[in-house]
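Subject: Structure for handover

Hello,

The structure is pasted below, and my notes follow it. Please read them alongside the coordinates.

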Amino acid sequence: MIIFLSSGLFCLLMAAVGIQAQQTPSINDLNAECLGNVIRLSVAPLFEEVDAVFNDTQIINLTPGLATQCGFSFKFDPMGNAMFFASLQNCFSQNMDDKMFSLVMQFRLPGNHTTEDPVYRVGKTCSYTPWTSREILCDRNYMEVSVRKTLPDIQTIPKQPTGGPKARSGNFRRGAEAVASGYKMTVVFSPSKNVMNVDEVQRKGYAIANTPTRLVLRSPHNAEETYLQNVAGVPMRVLSTSTFFEQKWLVTRVDATAVCPTPEAVAFTPEVITWYMPKHIDPLFSSDAFTMLEVYMGIDAKRLDTEEMAARNYSVLVTEAHIIVEIPVGAVGGNFKSHIQDDQYFVTYTIEPMLELLWIEEVAHENTSYKVLFPITTPPMARPPQVRNLPPSVTGNCDQENFHITVDYRNQEPFFVVLVGKRLLNHEFAQQYLTEGDTDFTITLPFSSPDAVFESVHSSSVRSRLDVALLNPYNNMTIKYFSLACSFLKTLTECFSNGTMTALAVKVDSVPGLNPGQLTLSDPACGPTYSDDRFAYFHFTVNSCGTTRKFINNVMLYENEISLPDELEVKLNATTSSEEEYQLKVSCSYVANITRTLAFLTRPRDNEPFAETGTGRLMVRMRLAQDASYNTFHQEEDYPVVRYLRQPLHFEVELTTSSDPKVALVLDHCWATLNEDRDSRPRWNLIINGCENPEDPYRVVFHPVEADARVRFPPHVKRFEAYMFSFAGDAVEPSGQVFVHCDVVICDASSPTGGPCSGQCVNQDNLKRGQRHVKDFFEERHVYVSSGYILWV
């Protein structure tokens, strides 16, 4: 614990109360946070008195004077909510080796001030390591400096205090004797050279304390021994001291200086508040050689990250001489207050920014942590009365893919923050999804966005809901709430002629505790092929995974069910009894007796075919190999073939009917689409003019072909390797499909004519050579082959 050097203040802390105040359970309106070397307590309205609780039983009423001396400050917003700020090294913290600090505060409702009055306690324990060589804290009513020391702890012996059950600051009898392990302690103030002992220091309203590793000094801003100094054009309030510890022939000196800005450090315009802080705070430096390590801004003692700064339009600029903070008048984090002067209406705007600096002096190799909590209030600004319609309106509609939410704030300023789902509409969110008008804005969000929730799922549609709330930025009260639910047509179950099925299960709002990765088909051994926190994707054959079959007239109906295994369902319901069971039926139907007719025509041939450079419809096939050996290939019944992203695909294109060794096959163009139509969009090029696409981050690889038992003429075969990918527009879907197409050219290998017949690309020079071919050689006709349906998951 902290051991105080003043006999008077020590008596104040050790006042035995004798009767502990009545306690009631903690309430949600009390909240405590550790913010570096400051503890912040947020308190709802209605509380009248504040006490510090020391050693669980001693209750000290926190008057304004005692708060300043002991390291406390507080503020109230227009709604009456209060924030209390306490230095970690305040008078009433339990200090555990300068590493852990524990504080308990008590709040009393208005009443008769009896021991039976309802009170509420809130406690907080904070860790703070490591300390810097010097820590300076500037709060709204005091300045504090803490410096590292190596002296032994000073012990104090108190006398018994006087006072009733609830001790107040005026009820303590001073006069305890201080013993400092044989040390005599005096404080010298500069520049006055006034010398005071510990009792005199504390009678003057200062505080001095000796912790296990540090010396702490605290002073009101306008105390007698503080003085003003102009630093880089900015008025600063300075407290400068030297503390001497004397023991026989040994004297030890510890210097401690605090410097804090004054209200004159701020400039105002009707639109912007500008706060100037010197970068080199002269009274705190022994030389000009230093390095600024950190600069942070915050509000109400809490740091803001870059995204929050941008969303609020705050800025911090570090120049050669100053650190300049700019805050728009009316920005989130502050509040307006109304005033009437000479029958005219004025407003002031108040905000409490924080600035945290960390620097190291290069000569002394000592670092300093500097924190300023700096309340700013603008001068009164005239505001003619305005009539406004409150609240704003919210409307919405849906299209095939998206929600469209429009907020109309009409003739008023948008005095609210927007909550979309569970996420605040910040700057990054707005840039991606918001379109702004003169008096309104529209949020366009995909139906599958994580900000929306799925209400229900069917075989051909998903019902999704988006909740939007407009909140008061000061108290988070809801101004307007709007919910939009729409059904989006989506094929969640697909049936394929080779007897395979795919199904997509989504997490719905009625089962918030569901983990989609734990879902299975009727056979618990059949889990999803792919899953995340919202989706589970299944791919299986109709004769597996517990799929049932029944005949309805001339139709075969295959059915299965997606659900949690019984043991997981029981566990889920045991922890959250209000949740519903998750069951999704999937089915496929096939016509049992059906005949497909294939027609073809033949005509006699006038002469034997011969190889000639040119294009036409030739007997060429494309196959997908099962691996890089190109020994086995996927058959028609294997499609759709399922591959993971970035998994290699091994393609072989072969001229199947020719036995002419002079004929050569060349891949001219190859590309991928989302469906079977080779001319559809979007399209991604894999091979261009016989060469790899130079813009592809995963370029295709051409594999050599050698004669073997299967390949008689290697020039008739081309092999290449590509990597499974998805189109950018598929990012919101859990899986997708691609088809690969190729244009091929058949050439006379014995007499190449240029263009594509010069051979398959072996270096990028062929790109230039192939460009001549595109215009004059392939302008009229194209020959192509395509792969089957490839699924990515």
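Aspartate 97 has a relative accessible area of 58% and is therefore exposed (over 50%; buried is under 20%, partly exposed lies in between, all with a 1.4 Å probe and protein chains only). Its phi is near 60°, a positive value in a residue that is not glycine. Aspartate 97 sits in the loop between strand 8 (94-96) and strand 9 (100-108); strands are DSSP runs of E, at least two residues long, numbered from the N terminus.

Two notes on the source. This is a predicted model, in which local features need pLDDT of at least 70 and side-chain atom pairs count only at pLDDT 80 or more, while totals for chains, interfaces and linings use all residues. Residues are numbered from 1 along each chain as its sequence is written, and side-chain values use heavy atoms, with hydrogens and water left out.

Cysteine 545 also has a positive phi, about 60°. It is buried, at 12% relative accessibility, and lies in the loop between strand 46 (535-541) and strand 47 (548-552). For background, most residues other than glycine have a negative phi, and most peptide bonds are trans.

- Serine 190 to proline 191, with omega near 5°; proline 191 is in the loop between strand 15 (184-190) and strand 16 (195-197).
- Tyrosine 639 to proline 640, with omega about 5°; proline 640 is in the loop between strand 50 (620-625) and strand 51 (641-643).

Lysine 149 is buried, with a relative accessible area of 8%, in the loop between strand 12 (142-148) and strand 13 (155-157). Its side chain makes a polar contact of 3.1 Å with that of asparagine 210 (N or O atoms within 3.5 Å, one able to donate a hydrogen and the other to accept it; residues adjacent in sequence count only if both atoms are side-chain atoms). Beyond four places in sequence, lysine 149 is in contact (heavy atoms within 4.5 Å) with residues including Thr211, Pro212 and Arg214.

The whole structure holds four cavities of 30 Å³ or more. A cavity is a set of points on a 1 Å grid over the protein atoms alone where a 1.4 Å probe fits but cannot get out; lining residues have an atom within 4 Å of a point. Strands 52 (648-655), 57 (717-723) and 58 (736-748) each supply at least two lining residues.

Regards

How values were computed. 1 Å grid on protein atoms, 1.4 Å probe; cavity = no way out; pocket = protein on both sides within 12 Å on 5 of 7 lines; lining within 4 Å. Points joined across faces, edges and corners; volume = space filled by probe spheres on them. Helix = DSSP H or I, 4+ residues; strand = E, 2+ residues; numbered from the N terminus.
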